[in-house]
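This report describes selected packing and pairing features of one protein model. Please keep the sequence and the structure in view while reading.

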Amino acid sequence: MKINFVDIYKQHQALKTQIDGAIFRVIKNSTFIGGEEVEMFEREFANYCGVKNCVVVNSGTDALRIICYVLGIGPGDEVIIPVNTFIATALAVSSVGARPVFVDCRESDYTIDPTEIEKKITLRTKAIIPIHLFGQPANMFSVCDIARKKGLLIIEDACQAHGAKFKGTRVGGFGHAAAFSFYPSKNLGAYGDGGAIVTNDTHLANKLRLYREYGQGKKNIFTTQGVNSRLDGIQAAILRVKLPHLDEWNRQRLEIARWYRQLLMDFDIILPTIPEDRDHVFHLFVIRTNHRDRLKLFLEKRGVSCGIHYPIPIHQQPVYQHFGHTIGDFKVAEKVAEQMLSLPMFPELTREAVDYIAIQIKDFFSKL
Ligand SMILES: Cc1ncc(COP(=O)(O)O)c(C=O)c1O
């Protein structure tokens with residue numbers, strides 16, 4: 001059996017007719033940049049997230065970078081982020097000239113450890129970026145509490161968590177602004193790069209709109225520093241077809257996670273938890289084992305593609321060597337980076353495929 005890590009084409013086949021129609025609509029109306037599809041998607045995604053505004057941009061990285069810039073974060077400022085994330089979160093901060101200040105994660109769910117945040121706050125700290133990693137919301141009550149007490153901004157990195165909920169509320173509205181990615185393999189993925197910023201602050205949303213489009217207020221009047229960071233009409237039209245299916249896809253991911261948990265319970269593996277107070281949307285299904293590299297190789301030989309998210313914590317990346325961190329600075333992140341393995345996870349993954357993966361894992365451990 002051959003099992004892909006993700007299978008976007010399967011999803012496409014189910015929606016082919018509507019997607020063809022959506023693409024054709026954009027071509028027929030020549031609304032390649034901006035236009036009705038983009039505006040409608042912004043409204044629909046804001047509604048979905050339960051926030052007032054959505055401003056679409058070119059990628060999740062741009063969403064984070066633009067939020068930082070427009071919130072006035074820059075040289076001399078510090079922004080607290082968890083050290084185990086995709087590099088884009090840190091790059092967004094350093095790209096505006098601010099310093100990403102790293103915090104360890106919790107071993108139980110890999111999200112930012114709130115007990116470590118206060119230790120890192122200085123007079124220069126401007127914001128905290130909690131990350132809803134692998135589809136699991138960070139502990140937003142604790143993060144919001146600290147931010148309120150210390151007068152800090154909160155920027156949610158929700159790039160892996162479309163539709164996830166913390167205590168019944170969807171991620172995206174807890175902070176001043178939140179960033180989403182529509183990278184094709186995300187829970188809500190475009191057919192190319194794409195991203196969105198959501199915020200309840202309409203004044204901020206207006207500034208974000210201005211900035212993403214050359215700083216152009218009225219036609220040919222450029223009132224402020226800006227960039228070109230847009231989601232094109234075809235991507236917006238495709239995302240509009242997909243958005244109504246997102247909750248069902250997330251439900252299927254949860255079901256698959258339950259199958260995995262049932263089948264893998266008896267092995268020397270740490271499984272992701274499904275906490276009561278959060279709706280985890282399982283962007284990734286990440287297990288941990290001390291035999292990670294051997295297991296990955298074994299599964300790949302048996303036709304099962306796996307991933308590692310992420311093999312090197314950010315403080316050990318060459319790009320941030322100048323911060324002078326050493327091994328041992330973030331013990332939990334360093335430990336789990338050596339153990340984590342992402343198993344195939346996408347809504348169309350069948351029970352038969354999950355059974356097959358579990359049998360291979362059982363076989364691996366029986367041969368150890
Ligand atoms: C946690 C996190 N933040 C930011 C990003 C950046 O998103 P994009 O790839 O759309 O730039 C990603 C994408 O993989 C991500 O997983």
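Two residues are in contact if their C-beta atoms, placed from the backbone, lie within 7 Å. Leaving aside residues up to four places away in sequence, Ile197 touches Val55, Val57, Ala63, Ile66, Ile67, Ala177, Ala179 and Leu208. The model is predicted, and local features need pLDDT of at least 70, side-chain atom pairs count only at pLDDT 80 or more, while totals for chains, interfaces and linings use all residues. Numbering starts from 1 along each chain as its sequence is written.

Ile197 is also among the residues with the most contacts inside the largest nonpolar core, which has 105 residues. Helix α3 (residues 60–70) gives the largest share of this core, seven residues. Because domain 1 (8–244) and domain 2 (246–367) both contribute residues, the core lies between them. A nonpolar core is a set of buried Ala, Val, Leu, Ile, Met, Phe, Trp, Tyr and Cys residues joined through C-beta atoms within 7 Å. Buried means that 20 or more other C-beta atoms lie within 10 Å of a residue's own.

Helix α8 (residues 233–242) is mostly covered, with eight of its ten residues buried. The table lists elements included in that cover.

| Element | Residues |
|---|---|
| α1 | 8–29 |
| α2 | 36–49 |
| β1 | 53–57 |
| α9 | 246–264 |

Helices (H or I, at least four residues) and strands (E, at least two) are DSSP runs, numbered from the N terminus.

An open sheet of three strands has the order β7-β6-β10, with antiparallel pairing. Strands pair if DSSP finds at least two bridges between them. Lys165 stands opposite Arg170 in β7.

Notes: Buried ≥ 20, exposed ≤ 12 C-beta atoms within 10 Å, placed from the backbone. Domains from an automatic or database assignment.
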